[in-house]
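The sequence and the model come first.

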Amino acid sequence: MKSSLNRNLSIGFGVSIIILIISSIASLTSIINLRGSAEKVKHSNLVAAQTGDILLTMVDAETGQRGFLLTNDELFLEPFNGAYNRATGILDSLKLLVKDSPEQLQNISNLDGMVKRSFFLLTQLINRKRSNETIELSSLRDGKVFMDSIRNIVKTTKILENSLLTQRTETMNKFAASTPLFIVVAALLSLLITIIFYLKVRKDIIEKATLQQQLITKDITINKRIDVIEDLANKISDGNFAIRVQDDEK
C-alpha cells in the first residue's frame, strides 16, 4: 500500500511537472510569435504611412512652387522650403524598413529617383521665375508626368504593403486566438490530472486507514484471546478443572 501511494504521488507530480513545462514552453512560443506578428503589422502600417507622407510632401512642394510661379511671391514657397530634406529623410527611413523585401526596396529606390528628379525640375522652374524667364507649358507638363509617376509608385508600394498587412494581420489574429485557448486547455488538463491523482492518492490513504483499523481490531481480538487462554491456564494450573469458557469468550 505504501508503495502504491508513493508511486501515485510520484506519477502525479511528474505528469503535472511535464504538463507545466510543455504548456509554459508552448505559451511562451505563442506569445513570442504573437509579438512578432504584431511587430510585422506595425511595420507594414509604418511603411504605408511613410509612403503616404512622401506623396503629401511632394504635393506641398508642388503647391508652393505653383503659387510662386503664379504670383512671384516668395511667401508661397513656404511649403516648398525644406520639403526636399523631409522627403529624402523619409525615403532613407523607408529604405531601412523595406530592406528585407527586394520588391519593396526596388519600389522605394524608383520612388527616390523620381522624387529627386521632380525636385530638380521644381527648383529649376523656381529659379527661372526668379530670373524672370518664360516658363514653358512643356516644363509644367514634365512636372505633372513626374508627379503622376510618383503617385503610381506610391500606389504600387501601398498595394503590396497592404497585401503583406492582410497576411500579417491574419497571422496575428490566429496567434491572438490560439494563445489564450491553448493556455486554458493546458490549465484544464493540468486541473484534470491533479484531480485524478488526488482521487487516487485519497483512495490509497482511505484503504491504508481501513487496513490499519483492521489490523488494530485483529490485534485487540488476538490480545483478548491470549488473555482468556492465559486466565484459563492459570485456573487449571491452580487445580480448577471445572472452569468453563463464557459465551462472550468463546
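Phe80, Tyr84 and Phe119 form one aromatic cluster. The model is predicted, so local features need pLDDT of at least 70 and side-chain atom pairs count only at pLDDT 80 or more, while totals for chains, interfaces and linings use all residues. Residues are numbered from 1 along each chain as its sequence is written, and side-chain values use heavy atoms, with hydrogens and water left out.

**Aromatic cluster**

- A search of the whole structure finds two aromatic pairs; rings of Phe, Tyr and Trp (its six-membered ring) pair if their centres lie within 6.5 Å, and planes under 30 degrees apart count as stacked, over 60 as edge-to-face and the rest as tilted.
- Phenylalanine 80 and phenylalanine 119 make a tilted pair, 6.1 Å centre to centre with 50° between the planes.
- That pair links distant parts of the chain, with phenylalanine 80 in the loop between helix H1 (2–71) and helix H2 (83–97) and phenylalanine 119 in helix H3 (residues 102–130), 39 residues apart.
- Both phenylalanine 80 and phenylalanine 119 are buried, where buried means under 20% relative accessible area, exposed over 50% and partly exposed in between (1.4 Å probe, protein chains only).
- Tyrosine 84 and phenylalanine 119 make an edge-to-face pair, 5.3 Å centre to centre with 90° between the planes.
- This pair also links distant parts of the chain: tyrosine 84 is in helix H2 and phenylalanine 119 in helix H3, 35 residues apart.
- Tyrosine 84 has a relative accessible area of 36% and is therefore partly exposed, whereas phenylalanine 119, at 3%, counts as buried.

**Helices**

- The chain has four helices and zero strands; helices (H or I, at least four residues) and strands (E, at least two) are DSSP runs, numbered from the N terminus.
- The 29 residues of H3 should span 42 Å at 1.5 Å a residue, and its end C-alpha atoms are 42 Å apart, which agrees; the expected span is 1.5 Å times one less than the number of residues.
- Asparagine 132, which follows H3, has a positive phi, near 60°.
- The charged end of arginine 130 sits over the ring of phenylalanine 68, 5.7 Å from its centre; this requires NZ of Lys or CZ of Arg within 6 Å of the ring centre and within 35 degrees of the ring normal.

**Nonpolar core**

- Ile54, Leu111, Val115, Phe119 and Ile150 touch the most other members of the largest nonpolar core, which has 29 residues; such a core is a set of buried Ala, Val, Leu, Ile, Met, Phe, Trp, Tyr and Cys residues joined through side-chain atoms within 4.5 Å.
- At least two residues of this core come from each of H1, H2, H3 and helix H4 (137–237).
- H3 supplies the largest share of this core, nine residues.
- Leucine 111 touches Ile54, Leu91, Ile150, Ile153 and Val154, not counting residues up to four places away in sequence; contact means heavy atoms within 4.5 Å.

- Threonine 57 is in helix H1 and counts as buried because its relative accessibility is 7%.
- A polar atom of the threonine 57 side chain lies 2.8 Å from the backbone oxygen of aspartate 53.
- Leaving aside neighbours within four places in sequence, threonine 57 is in contact with Ala83, Arg86, Ala87 and Ile90.
- Serine 149 is in helix H4 and is partly exposed, with a relative accessible area of 23%.

Technical notes:
A polar contact is a pair of N or O atoms within 3.5 Å; within protein, one must be able to donate a hydrogen and the other to accept it, and residues adjacent in sequence count only if both atoms are side-chain atoms.
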